[in-house]
Amino acid sequence: MMFRRFFLLTFFLLAGASVSRGQTSCIDADGRHWAITEAGEILRSADGEAWTAFDFNAQYAGFYPQMRWLAVAAGGGSVMVAGLDADGHLGVYVSSRGTVWSARSLEYGEAGERRVLDVTPCSLSYDPIRDSFFLCGTQGTLFEMPGCSHCNRLTRYPCDTLYSREQSGFDALLRGSGGFEQLVKP
């Protein structure tokens with residue numbers, strides 16, 4: 001009985017950590033597996049068993065700031081990672097194969113002005129119906145990033161943190177702090 005309680009407690013703690021921390025792994029259309037470690041490294045695998053770490057910070061030293069990755073998603077022929085630099089600013093990068101990475105614009109329009117998103121990311125997801133990546137984060141942030149970087153769109157929800165956006169057909173389920181859940185139409 002004690003083992004069962006320990007197992008259940010461990011399961012719920014781990015499940016809670018993954019929901020609150022956001023997505024940490026995914027598989028792209030070519031069957032490659034992608035993951036982010038607790039240390040913020042990018043991992044990739046062809047089979048989901050043998051993993052290789054990609055040292056983004058060493059590869060792009062002097063070109064991009066040092067990053068600690070927090071989320072990954074794949075779709076539409078790309079893989080995207082989001083994290084924070086040493087100053088705590090958001091950075092999002094995209095790659096087609098995981099070897100060459102480009103910074104993704106985080107600009108969006110609001111009240112006729114161009115602004116730059118700067119939140120802590122919790123998760124990334126890809127929506128094949130909208131052909132867009134979605135970043136969820138602090139300040140109730142849902143940030144849509146379609147193929148056109150000038151078409152980014154910010155929506156804020158009434159919660160401290162939006163943890164995830166899960167595609168469900170033409171609908172999406174949003175999960176946020178305080179048990180916030182809302183079904184939205186794209």
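Tutor: We begin with a term: a polar contact is a pair of N or O atoms within 3.5 Å, where, within protein, one must be able to donate a hydrogen and the other to accept it. Please note that this model is predicted.

Student: What makes the pair of Ser95 and Val100 a polar contact?

Tutor: A polar atom of the Ser95 side chain lies 2.8 Å from the backbone oxygen of Val100. The limit is 3.5 Å, and 2.8 Å falls within it, so the pair is called a polar contact.

Student: Why is Ser95 called buried?

Tutor: Buried means under 20% relative accessible area. Ser95 has 3%, and therefore Ser95 is called buried. Ser95 belongs to strand β7, which covers residues 90–95. Beyond its neighbours within four places in sequence, Ser95 is in contact with Gly77, Ser78, Val79, Val100 and Trp101.

Student: How do you know that β13 and β14 pair?

Tutor: Two strands pair if DSSP finds at least two bridges between them. Strand β13 (residues 141–146) and β14 have 4 bridges, so they count as paired, in the antiparallel sense. Leu142 stands opposite Thr155 in β14.

Student: Why are β11 and β14 called edge strands?

Tutor: The open sheet has 4 strands in the order β11-β12-β13-β14, with antiparallel pairing. Strands β11 (121–127) and β14 (153–156) each pair on one side only, and these are the edge strands. From one strand to the next, the twist averages 20 degrees.

Student: How many helices and strands does the protein chain have?

Tutor: The chain has 2 helices and 17 strands.

Conventions
Residues numbered from 1 in each chain as written. Predicted model: local features only at pLDDT ≥ 70, side-chain atom pairs only at ≥ 80, totals over all residues. Heavy atoms only, no water. Buried < 20%, exposed > 50% of the residue type's maximum accessible area, 1.4 Å probe, protein only. Contact = heavy atoms within 4.5 Å. Axes fitted to C-alpha atoms, helices over the stretch in contact; angles between N-to-C directions.
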